[in-house]
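Please examine the model shown below. The briefing that follows is arranged by topic.

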Amino acid sequence: MTRRHRASERLNSLSPRRRTVVRAAAATAVLAGPLAAALPARAATETPAFLHGVASGDPLPDGVLLWTRVTPTSEAIPGSGLGPDTEVGWTVAKDKAFTNVVAKGSTTATAASDHTVKADIRGLAPATDYWFRFSAGGTDSPAARTRTAPAADAAVSGLRFGVVSCANWEAGYFSSYRHLAARGDLDAWLHLGDYIYEYGTGEYGTRDTVVRQHAPTHEILTLADYRTRHGKYKTDPDLQALHLKAPVIAIWDDHEFANDAWSGGAENHTEGTEGTWSARQTAAKQAYFEWMPVRTAIAGTTYRRLRFGKLVDLSLLDLRSFRSQQASTGSGSVDDPDRTITGRAQLDWLKAGLKASDTTWRLVGNSVMISPFSIGSLSADLLKPLAELLGLPKEGLALNTDQWDGYTDDRRELLAHLRSNAIRNTVFLTGDIHMAWANDVPVDAGSYPLSASAATEFVVTSVTSDNLDDILKVPEGTVTAVAAPIIQVANRHVHWVDTDRHGYGVLDITADRAQMDYYVLSDRMSPNATSSWQRSYRTRTGTQKVERTYDPV
């Protein structure tokens, strides 16, 4: 979001970020000390170890993508470029004891891929639980569960997905992942972006408290930096636990690169001092694809489509690689038809897929909010922090140009396509904004509710990243109680918004309805935070509208 980093610096009285050629050069050096912070404590040994867990992703009816990272020797830490080629085997079975093995093989992990390993397994049965593990040098990884998608023509009674976004390591613990892992009932989980953050330590909002320091401690710029940061995240026990329980379906947003990234740069990138944007973007993408179980349909992008029987088509977007630079807030250029958030090819792909879909539901994994948002008549004391969180001008112009609001022609074209082709049951699943929302997506927000709703949108809050109560440093729920009613008056398509809490969503889908259950954490700064159900909203088939329901699934 625009200027979120700088706003956080002002609010938290942090010293300005110092970007120097010396620091950038130091970031590329292979220094065992700072890079070693990306690993848990380990005795010096030459025995290979699986210190970063295992994961699976992008389930298909006949297969799934498996991932791990092997540490072959003690110096072969993430981003180091060190360590020997290491043979890594993988085994897939129908049972946790691995007595009924259905597939196995091996590959070589090398320093060229940061000793990460991917195995794209095929020939599996649809809608089936499997167990898998990796092995190297006599050491086995933990065993993990994964699940294939239903057959394309299967009549599916229901699906259940965890939904998360925005996990700032330094702001707290990833208890949301732990609670999702404990459920044991997920077909998969969706990560809608900001899986990692790029900032140096203390440079991004944490209520003035760095709960735990990430690595490297400087802002990440180089391939070694991005690898080290991904490696640090993958040591989190709650994140590892969730990866052990279900396949992930992930897209990126800006912080996998740099704040407010666009095709030619980012707000949090200084050309020259921090190198070229093209080099930084290339490094970030390489590290992402090395460290994430994401299968690419088109090289260098995360947009792709997965199908879950006759019930769900899931279109996953990349809203950073192809977008035009964010417009100046309040500028009429937001309506310029030559500006794009998707790029022409991706928008055509999305429209064609939505039109051709023969499933009951069409889900869209969407990293920034598509529903229009107006500030309306917020009071000055609320407008200032809200503007800083959303990247809005403090004088109250109603626009966040990092969201679809800054690219209105793409949004108009997409929503008109849904309406003109009578495409029903389209649900956008969104992260980024660090708040929870349940929205209708109107064709014309200005005349809503007289204007038709073309789709619905469920936005999940952040796992840990600052929201409004954190910025204001007030008790949780204080801001929501005042701001939410005013936001809804100015945005009648918004059925609910919570500006303050952290947590996750659980999306449950049947032929009759798609329901999002919103869960919140007791305390993001506690490693033992509890979780509780907060609210639920659903959209019933054929309605294109959100309604409240009073029980979680």
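**Briefing on the predicted model**

Gln544 counts as buried because its relative accessibility is 12%, where buried means under 20% relative accessible area, exposed over 50% and partly exposed in between, with a 1.4 Å probe and protein chains only. The model is a predicted one, in which local features need pLDDT of at least 70, side-chain atom pairs count only at pLDDT 80 or more, and totals for chains, interfaces and linings use all residues. Residues are numbered from 1 along each chain as its sequence is written, and side-chain values use heavy atoms, with hydrogens and water left out.

**Chain overview**

- The chain has twelve helices and 22 strands; helices (H or I, at least four residues) and strands (E, at least two) are DSSP runs, numbered from the N terminus.
- Of the 553 residues in the chain, 62% are buried.
- Among contacts in the chain with a separation of 6 or more, 72% are between residues 24 or more positions apart; contact means heavy atoms within 4.5 Å.

**Gln544**

- Gln544 belongs to the loop between β21 (531-540) and β22 (547-549).
- Leaving aside neighbours within four places in sequence, Gln544 is in contact with Arg424, Asn425, Asp440, Ser453, Ala454, Ala455, Thr456 and Thr539.
- The C-alpha atoms of Gln544 and Ala455 are separated by 4.9 Å, although the two residues are 89 residues apart along the chain.
- The side chain of Gln544 reaches the backbone nitrogen of Asn425 at 2.9 Å, and a polar atom of this side chain also lies 3.3 Å from the backbone oxygen of Gly542.
- A polar contact is a pair of N or O atoms within 3.5 Å; within protein, one must be able to donate a hydrogen and the other to accept it, and residues adjacent in sequence count only if both atoms are side-chain atoms.

**Ser371**

- Ser371 is placed in the loop between β14 and α9 (380-390).
- With a relative accessibility of 1%, Ser371 counts as buried.
- The side chain of Ser371 makes a polar contact of 2.5 Å with the side chain of Glu457, and another polar contact, of 3.3 Å, joins the side chains of Ser371 and Asn439.
- Not counting residues up to four places away in sequence, Ser371 touches Asp405, Arg411, Asn439, Asp440, Val441, Glu457 and His493.

- Five of the five residues of strand β15 (residues 426-430) are buried.
- Thr426, Phe428 and Thr430 are buried on one side of β15, and Val427 and Leu429 are buried on the other, which leaves both faces covered.
- Strand β14 (residues 361-366) pairs with β15 in the parallel sense over five bridges; two strands pair if DSSP finds at least two bridges between them.
- Arg362 has Thr426 in β15 as its bridge partner.
- β15 also pairs in the parallel sense with strand β17 (residues 453-459), over four bridges.
- Phe428 stands opposite Glu457 in β17, and Glu457 is also in polar contact with Ser371 through their side chains.

**Strand β19 and its partners**

- Strand β19 (residues 503-509) is largely enclosed by the rest of the structure because seven of its seven residues are buried.
- Strand β9 (residues 159-164) and β19 pair in the antiparallel sense over five bridges, and the bridge partner of Leu159 in β19 is Ile509.
- β19 and strand β20 (residues 513-521) run antiparallel and are joined by seven bridges.
- Gly505 stands opposite Tyr518 in β20, and a hairpin of three residues joins β19 to β20.

**Helix α5**

- Ten of the eleven residues of helix α5 (residues 223-233) are buried, so the helix is largely enclosed by the rest of the structure.
- The buried residues of α5 are Ala224, Asp225, Tyr226, Arg227, Thr228, Arg229, His230, Gly231, Lys232 and Tyr233.

**Largest pocket**

- The largest pocket holds about 220 Å³ of space.
- Its lining consists of Pro372, Thr408, Arg411, Arg412, Leu415, Ala416, Pro442, Val443, Asp444, Ala445 and Gly446.
- Helix α10 (residues 408-420) supplies the largest share of this lining, five residues.
- On a 1 Å grid over the protein atoms alone, a pocket is an open set of points where a 1.4 Å probe fits, with protein on both sides within 12 Å along at least five of seven lines; lining residues have an atom within 4 Å of a point.
- Grid points are joined across faces, edges and corners, and a volume is the space filled by probe spheres set on the points.
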